[in-house]
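Trainee: I would like a close look at a single part of this model. Please take me through it step by step.

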Amino acid sequence: MTRLVYFAWVRERIGKGEEEIDLPSSVVTVTDLLNHLKTLGEEYESALQYPDVIRVALDMEHVEHDEPIAGALEIGIFPPMTGG
């Protein structure tokens, strides 16, 4: 099982802050994960419709979308961050 944690409007659109899911063996990278999640329902499709802007952290470390997810205990999924 992999723990997914959703933040800000990603969380609002999916309708939950976190969940634990079993990922299929075909999900190897962050890109694979985002594509897989979009197949889980309209709410996921809405939240992840622009995957290029989504930020992801594996065990609290931000990574690129080509990063392998093997061994990650927690995956955080964020919208773009702004600051000031």
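Trainee: Is phenylalanine 7 buried, partly exposed or exposed?

Mentor: Keep in mind that this is a predicted model. Phenylalanine 7 is partly exposed. Its relative accessible area is 30%. Buried would need under 20%, and exposed over 50%, so phenylalanine 7 falls in between. Now its place in the chain. Phenylalanine 7 sits in the loop that links strand E1 (2-6) to helix H1 (8-14). Leaving out residues up to four places away in sequence, phenylalanine 7 touches Gly76, Ile77, Phe78 and Pro79. Proline 51 lies 44 residues apart from phenylalanine 7 along the chain, and their C-alpha atoms are separated by 15 Å.

Next, the sheet. It is open and has 5 strands, in the order E2-E1-E5-E3-E4. The pairing is mixed. E2 and strand E4 (61-63) stand at the edges. Each has a single partner strand, so one side of each has no neighbour in the sheet. From one strand to the next, the twist averages 30°. Strand E3 (residues 55-58) pairs with E4 in the antiparallel sense, over 3 bridges. There, valine 56 stands opposite valine 63 in E4. Helix H2 packs on the sheet and touches E1, E2, E3, E4 and strand E5 (74-78). The direction of H2 makes about 70° with that of E5.

Threonine 29 is found between strand E2 (18-21) and helix H2 (30-37). Threonine 29 is buried, with a relative accessible area of 17%. Neighbours within four places in sequence aside, threonine 29 is in contact with His65, Asp66, Glu67, Pro68 and Ile69.

Note on methods
Residues are numbered from 1 along each chain as its sequence is written. This is a predicted model: local features need pLDDT of at least 70, side-chain atom pairs count only at pLDDT 80 or more; totals for chains, interfaces and linings use all residues. Side-chain values use heavy atoms; hydrogens and water are left out. Helices (H or I, at least four residues) and strands (E, at least two) are DSSP runs, numbered from the N terminus. Buried means under 20% relative accessible area, exposed over 50%, partly exposed in between (1.4 Å probe, protein chains only). Contact means heavy atoms within 4.5 Å. Two strands pair if DSSP finds at least two bridges between them. Axes are lines fitted to C-alpha atoms, for helices over the stretch in contact, and angles run from 0 to 180 degrees between N-to-C directions.
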